[in-house]
Amino acid sequence: MQKEPSYQDLLERMQIIIEHSNELFYIHDTNHILSYVSPTSKMILGYTPEEMMIDWTKFATDNPLNQKGLEITEQAIRTGERQPPYLVEIRKKDGSPALLQVHESPIKGKTGKVVAIVGALTDVTDKIRTEEALRAERDKARLYLDIASVIFVALDKTGSVKLVNKKLCQVLGYAKKEILGKNWFDHWVPDRLKKDTRMVFNRMMSGEAAPFEYFENPILSADGKERIIAWHNTQIQDKNGNITGTLSSGEDVTERKLAEKALQESEERFRDMAELLPEIIFEIDVQGNLTFVNKSAFTQFQYTEAEFVNGLNALEMIVPEDRERGMNNIMKILGGGHVGLKEYRAIRKDGSSFPALFHSAAVIRDGKPAGLRGIIIDITERKKMEEALLESEANYRQLFHHAPAGIYEFDMIKRRFLSVNDVMCKYTGYSETEFMNLDAMDLLSEDSLLTLGKLLEKAAAGDSNPDPVEYRIKGKNQREFWVLIHSRFSYDKHGKPWKVTGVAHDITERRQAEEEKKQLEKKLMQAQKMEALGTLSGGIAHDFNNLMTGILGNTSLMLFDLDESHMHYDRLKQIEQLVKRGAGLTRQLLGLSKQGKFHALPIDLNKLIRESVEIYGRTKKDIEIHTKLQENVWTVIADKGQIEQVLLNLFINAWQAMPRGGNLYVETNNSFLDKASTMAHNISVGQYVEIAVTDTGIGMDKATRQKVFDPFFTTKEMERGTGLGLASVYGIIQNHDGMINVHSEPGMGTTFTFYLPASEKESMEEQESASAIVRGQGTILLIDDEKMVADTAKKMLEKLGYHVTTATSGKQGLSVYADQPDSFDMIILDMIMPIMGGPQTFKRLKQINTHVKVLLSSGYSISEQVKNLLSQGCKGFIQKPFTVHELSQKVGNILEYPG
C-alpha cells in the first residue's frame, strides 16, 4: 500500500508546481514589500526573484491601471476578503511595459488580521493588444457595416458578441450596448435550437465546417417573437491562421418563410404573392426544368414568357463553372438534405452575369419530392459594397504606410497613440513599438506645448480641421527637428474631441535655411551699419586731426623755445599730452573706418600677446592672466600698434567685467575657416590665426551681446568710458580682413574670438624711430587746403631751418612747382583736398619731375591709397596731428639729414 505523502512532501510538490508554472507567484506584506517571488519572474519580467524583493509598486509604470490595482489590494488588506482579478502594467527589466492579470488573496494571522497578500500574475500583454487592435479595426469598419442592408454579427470563440451592425439591432429591437459582450446562444437563440446551433458553431471553431457555410435558424427579438435569419458564415483567423471566431452576414427571411408556408397551404396564394415580390421566385421539376418564375425573373434574366414556355433549365441560368455545384445541391435537396443559402453567378440571356444568392427547398407532393421551389436575390450592390470596403481598407493601409509624410492617430482621452506609419518613426528615430508607448507630450518642446494648447482650444471650439501648425519635436537621442502638422479632429457624441489624426512634414532644413538667412541678414546689416558709421567717424576724425594739428603744432613750437624752468612749460606739456590723448581718441574713431590701418607688417602674434599680457599684468594685480599659445603659430600681416590696441581694449573690457577680480585666458590657434564660417563676414575662405580672450566675469545678456560692437554703446558710467573701445576693435579686425565673434551668458563670463588672415611671410621687427629733433636746410613746398594747418606747419619747418612756400590747393601747388621745379627740395602734400586731391596732384607732380620728393600728410592714417602712392615714389607719410619732433624726423629722413 502506497504511503500517504507528508505535509513536507506536499509543500515540496507545491513548490515544484509553482516553479514550473507559466504564472508568476508572489507574496508581499501589507506595505507591499515582496517576500517571495517565483522563478518565473525571470521569464515574464526579466528580473530574478532576488531583484524583486522590494516594494512591488517600484516596478509599476504610470498607467492609471496601477492606481486602481493598488486600491483593490488595499481593499483586500482592510477587509480580509478576496478581491476580483485586476490588471496592472509593470515595467520589465528591458524597459518595455507588460500588462499582467492579477489574482490575489489575503493571508490572515492568528488574530484574524491580514498579514500578507499571496497572488499570481499572468502575462496578458499580447492578448490585450490583440483585443485593442481588433477593436480599432472594428471601429473603422463599423460605419460601412452600419449602412449595409444585411445583418452582420461577429462572435468570439466562446460565442460572445464582439461586433454588430445597425441592421441587426433593428431586427432584434435592442441597442448595440445591450447586445455586445453577451453570449449569442444564451440570449438570442430559442431554447429548442441551442444545442444544435452550438454544435454547428463548435464545428466551425474546430475547422470541421467549411468557410462560408450557410445556416438558417430563428432568433429571439426584444418583443419575444422569433425572426428567421438566413446566415452566411465564415471563420475569423488571426495572423497565425488560428480560428478566433466567426463573422456572419444574414438576411431576415422571416416574412419569406411565412410566405413559403403560406404557399404550401395555397398554391394560388403562393403565385399571387410571388408576383409581388421584388426578388426572383422560381420552381423547377426533378429534371431541373423551370416550371414557374415570377415577373422579376423575366426582368432580371431578359427572357420572354414564350421562351419560358418553350422550356428552360435552371442550370442554364448560372455560369458554366457553377453548374456542377448547382446540380449537386439540387440533388442534395431532392434527397431530403438541407443546403441553405448558396451563392452563384447568374447569367442573363445576353451573356452578362451578376452575383446572386439562391435559396431552395423541396416541393413535396404525395409525400415525394416533386421539384424545388426557391428564391434568387441579386447581391450585386452588396458585393460592390463589400469590395469597396475591402478596397478602401487596403487603400487606406497603403496610403498610411507609404505616404511621403509622417502620419499618426492619437487618442486624446486615453493619451496614447493608436497608430503610426514608418515615415513618422523615421522622423523621430523611434521604432513603431517605442513610438506607440510614448507620451505625446514628451515629443514636444516647451514652446511647442504652448502652440499645441492654442490648437486644442480651437478644436474644443469645434474647429475640426484647423490651419497647419509648426512644432519643434524632440526625437530619439535628444535630436530636435521641426515639422509642419495638418490635424483632423474626431468628436464623440457629446461634441468633445477624442481623436486627432496628424500628417507631419519635416521642415527642419527649411527652418534652418530661414534661420541662417536671418543670421546672414543680421550680420550684413551690422556690417553695413559699421561701414556707414566708419565712414562718418573717419571723416570726423580727419577733420578733428586737422584742428588738433594747429593746437599740437603751436604748442610744440612754444615748447621748442622754452626750457623746463619756464613758468608755462608744465602747462604747455599738459596741453600737448591732452592733444595726444585726443589723437588717441581719433585713432579709435579711425579704427571704425577703412582709414584705420597704420603700419602693416608680418608679425608674430604669440610674441605680441606675451608683451601685451606682461605690460597689462603689471597694472592689474587683481586679475590672474593665463596664456595657451600654439607653438609655431602662423604669421599675420597686421599693424602692431592696432592689434595691441585690440588686445588692450579686450583686456580692459574683461577687467571691468570682473569687479572683484578673476581669471583672464588668452589662447591662440591655427585655424581653417570654411565658406559657412566666412560668408556672413564677407571674408575669404582659408587659413587664419584664432585669438580667444576669455574672462570669468559677469557675462552679458542677449540684448547687450547684440549691441556690444556698436559705437558709443556702453554699460559703464559716463566718466568710465566712451563706448568706442569694442567698436574700434570691430573696425580694426574688419580692416585687417578678419572677423570677430562674442559668446557670453549672464554669470558665465565672456569670450571674444577674433581671426586674422595667416601669411607665409616671416615676422619682422618694427624699427624704432629716433626721438631727437632733426634740423636742416632747403626749400619746401607745403600744399594743404587747411590754412591753419599750413600756417602752423610752415612755422614748424621754419623753426627747423627750412624755407617754406605754401599752396592752399592741389591746382595752386602744381602751378607754383611748375614755375620753378628745381628750386624745391621736397613737397609736403595733403591727401584730402577738394577738386584735386593728393593722389591726382602727386601724379601731375611726377609728370613735371619724375624724381620729386613728396611727404604725404593726412588726418587719416595709412590706407591702401597711401600705400599705392608710396609704392609709386612718395618718400614717406606723416599723420596729423604731429609735433615738431615728428615732423623734423620725417623731413630729415627724406632729405637725408642725420637724426
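The structure is a predicted model, in which local features need pLDDT of at least 70, side-chain atom pairs count only at pLDDT 80 or more, and totals for chains, interfaces and linings use all residues. Residues are numbered from 1 along each chain as its sequence is written, and side-chain values use heavy atoms, with hydrogens and water left out.

Helices and strands were taken as DSSP runs (H or I, at least four residues, for helices; E, at least two, for strands), numbered from the N terminus. Helix α26 covers residues 787-799. The expected span of a helix is 1.5 Å times one less than its number of residues. For the 13 residues of α26 this gives 18 Å, which agrees with the 18 Å between the end C-alpha atoms. Residues were classed by relative accessible area as buried (under 20%), exposed (over 50%) or partly exposed (in between), using a 1.4 Å probe and protein chains only. Within α26, the buried residues are V789, A790, T792, A793, M796 and L797. An α-helix has 3.6 residues a turn, so residues three or four places apart point the same way.

Salt bridges, defined as a side-chain nitrogen of Lys or Arg within 4 Å of a carboxyl oxygen of Asp or Glu, number 18 in the structure. Side chains of opposite charge can pair when their charged atoms come close. One of the salt bridges joins E470 and R510, with an N to O distance of 2.3 Å. E470 belongs to strand β18 (residues 469-474) and R510 to helix α19 (residues 508-560), so this pair ties together parts that lie 40 residues apart in sequence. E470 is partly exposed at 25% relative accessible area, and R510 is partly exposed at 38%.

A salt bridge also forms between D506 and R479, at 3.9 Å from N to O. This pair links distant parts of the chain, 27 residues apart: D506 is in strand β20 (residues 497-506), and R479 is in the loop between β18 and β19 (480-491). D506 is partly exposed, with a relative accessible area of 31%, and R479 is partly exposed at 38%.

Two helices are linked by the salt bridge of K640 with E611 (3.8 Å, N to O), where K640 lies in α22 (residues 640-656) and E611 in α21 (residues 605-619), 29 residues apart. Relative accessibility is 24% for K640, which is partly exposed, and 28% for E611, also partly exposed.
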